[in-house]
Amino acid sequence: MKQKYKLTILIIVMLFSHLITQAQFITFEHDGIDRQYLYYEPSNLNENMPLVFVMHGFTGDANSMRNYTGMNQIANQYGFAVCYPRGTNDSDGNRFWNVGYDFHQTETVNDVGFLTELAEYLQATHNLNPDYTFATGFSNGAEMCYMLACQAYNTFKAVAPVAGMIMQDILNDCDDSPPIPLFEIHGSQDNVTPLSGDPNNNDGWGAYPNIPFTINYFVEKNECMANASQTLPNIDNSDGSFVNSEKYFNGIDNNEVWYYEVVGGGHDWPGSWGNMDINAGEEAWLFFQNHIDNTLSLSNFDYLENTIRVFPNPTNNRINIETNNPLELKEIILYNTLGENLNIKSTNGLIDLTNLNIGVYLLSITTSKGTITKKIVRN
């Protein structure tokens with residue numbers, strides 16, 4: 001009797017655990033089709049009210065993607081909302097995103113329209129920030145990210161595909177779209193979406209360029225002016241892989257393009273399977289957070305540029321610093337072109353340059369809204 005009781009309890013626990021992992025789908029009608037999604041919002045949603053879409057792979061599903069990526073736990077840590085949308089079933093009964101695979105030529109579902117309208121609906125109903133809505137995804141979901149980057153850039157402000165590629169047909173029509181930040185994570189030994197691409201459609205998915213070409217395309221599209229490379233710490237020596245990082249920055253609107261090559265990695269979501277040196281979901285969020293920080297920095301720069309006035313410039317003896325709005329001036333430093341601090345004092349926003357040689361100087365003004373640097377000419 002005791003053993004039977006223990007077995008009953010065990011079965012109840014197992015059933016309860018199963019129910020915990022099976023989330024409730026929400027229905028959203030689009031183009032006359034009842035679509036589904038999962039939504040999660042942590043109690044500590046951060047002040048920027050961001051939203052991240054996480055898309056499953058071919059034959060996958062939203063609930064399995066939620067469990068596979070652990071994105072809810074990452075959302076709890078960093079304070080962003082998550083949506084796991086659900087693809088439709090193709091003619092073979094496989095759940096998919098319609099990115100134009102060669103064997104999906106008769107499929108007509110408009111996933112770009114669905115995801116865009118769903119994002120706008122969630123922004124409105126949950127008071128989320130339209131400027132900070134992002135997308136990441138695995139495999140087919142990653143390829144959907146590329147499609148959104150080229151066709152839904154007004155809604156999705158940055159994308160982070162994992163183990164995906166951009167279909168050549170999508171790339172051909174991407175030139176006229178504005179640039180957005182992009183971050184690809186890809187295994188060097190990916191045997192589903194090879195790093196070398198498939199320009200001749202030998203595998204039957206459709207033609208697509210190699211991953212380095214794709215990254216370079218978005219680097220040039222964003223007009224990134226600088227880059228930095230490093231090998232990330234090999235935390236787990238037993239996973240047979242390590243990560244090389246390439247980051248390109250100083251692009252249009254402070255946009256950046258990141259590329260993590262998982263050397264020795266396969267067709268996986270790092271942190272959940274395969275490489276354990278990084279967590280793909282957390283890395284995607286840090287990339288999105290970096291975009292938020294860059295956007296806020298750009299906004300502060302524009303604010304300071306329009307708020308702080310330095311005159312006369314050029315000048316032969318003194319300059320005045322004037323603000324249009326009440327703004328706390330925390331520190332004012334004048335540098336020469338060698339970067340040396342000249343220890344010039346300001347009095348009520350007035351700086352005396354009488355004792356300085358004729359030439360060019362840099363004036364750094366730090367305020368409660370950030371720091372701005374202006375070139376000063378002494379003649």
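### Disulfide, salt bridges and local backbone features

Val-263 is located in strand β12, which spans residues 257–263, where strands (E, at least two residues) and helices (H or I, at least four residues) are DSSP runs numbered from the N terminus. The model is a predicted one, in which local features need pLDDT of at least 70 and side-chain atom pairs count only at pLDDT 80 or more, while totals for chains, interfaces and linings use all residues. Residues are numbered from 1 along each chain as its sequence is written, and side-chain values use heavy atoms, with hydrogens and water left out. Val-263 counts as partly exposed at 23% relative accessibility; here buried means under 20% relative accessible area, exposed over 50%, and partly exposed in between (1.4 Å probe, protein chains only). Between Val-263 and Asn-275, which are 12 residues apart in sequence, the C-alpha to C-alpha distance is 9.1 Å.

A search of the whole structure finds 1 disulfide, the term being applied to a pair of cysteine sulfur atoms within 2.5 Å. This disulfide is formed by Cys-150 and Cys-174, whose sulfur atoms are 2.0 Å apart. Because Cys-150 lies in helix α5 (residues 140–151) and Cys-174 in the loop between α6 and β9, the pair ties together parts that are 24 residues apart in sequence. The torsion about the S-S bond of Cys-150 and Cys-174 is about -90°, and the disulfide is therefore left-handed. Both Cys-150 and Cys-174 are buried. Two further cysteines are also buried, namely Cys-145, with a relative accessible area of 0%, and Cys-224, with a relative accessible area of 14%.

The loop between α6 (168–172) and β9 (182–187) also holds Asp-176, which is exposed, with a relative accessible area of 77%. Asp-176 forms a negative surface patch together with Asp-169, Asp-173 and Asp-175. Such patches are made of residues with over 30% relative accessible area and no salt bridge, like charges being joined within 9 Å and nonpolar side chains (Val, Leu, Ile, Met, Phe, Trp, Tyr) within 5 Å. In the assignment of charge, Lys and Arg count as positive and Asp and Glu as negative, whereas His and the chain ends are not counted. Asn-210 is placed in the loop between β9 and α7 (211–222) and is partly exposed, with a relative accessible area of 29%. Although Asn-210 and Gly-197 are 13 residues apart in sequence, their C-alpha atoms are 3.7 Å apart in space.

Side chains of opposite charge can pair when their charged atoms come close. A search of the whole structure finds 4 salt bridges, each defined as a side-chain nitrogen of Lys or Arg within 4 Å of a carboxyl oxygen of Asp or Glu. One of them joins the side chains of Arg-35 and Asp-111, at an N to O distance of 2.9 Å. This pair links distant parts of the chain, 76 residues apart, with Arg-35 in strand β2 (residues 33–40) and Asp-111 in helix α4 (residues 111–125). Arg-35 and Asp-111 are buried.

The side chains of Asp-61 and Arg-95 likewise meet in a salt bridge, at 3.8 Å from N to O. Here, too, distant parts of the chain are linked, 34 residues apart, Asp-61 being in the loop between β3 (51–55) and α2 (62–69) and Arg-95 in strand β6 (residues 95–96). Asp-61 and Arg-95 are both buried, and a network of salt bridges links Asp-61, Arg-86 and Arg-95. In a further salt bridge, the closest N and O atoms of Arg-309 and Glu-322 are 3.5 Å apart. Since Arg-309 lies in strand β13 (residues 308–311) and Glu-322 in strand β14 (residues 318–323), this pair ties together parts that are 13 residues apart in sequence. Arg-309 counts as partly exposed at 42% relative accessibility, as does Glu-322 at 35%.

Most residues other than glycine have a negative phi, and most peptide bonds are trans. Asn-127, which is not a glycine, has a positive phi of about 55°; Asn-127 is in the loop between α4 and β7 (133–138) and counts as exposed at 57% relative accessibility. Ser-139 also has a positive phi, near 60°, and lies in the loop between β7 and α5, but Ser-139 counts as buried at 10% relative accessibility.

Terms used. Areas by Shrake-Rupley, 256 points an atom, 1.4 Å probe, with all protein chains shown as cover. Charge placed at Lys NZ, Arg CZ, Asp CG, Glu CD.
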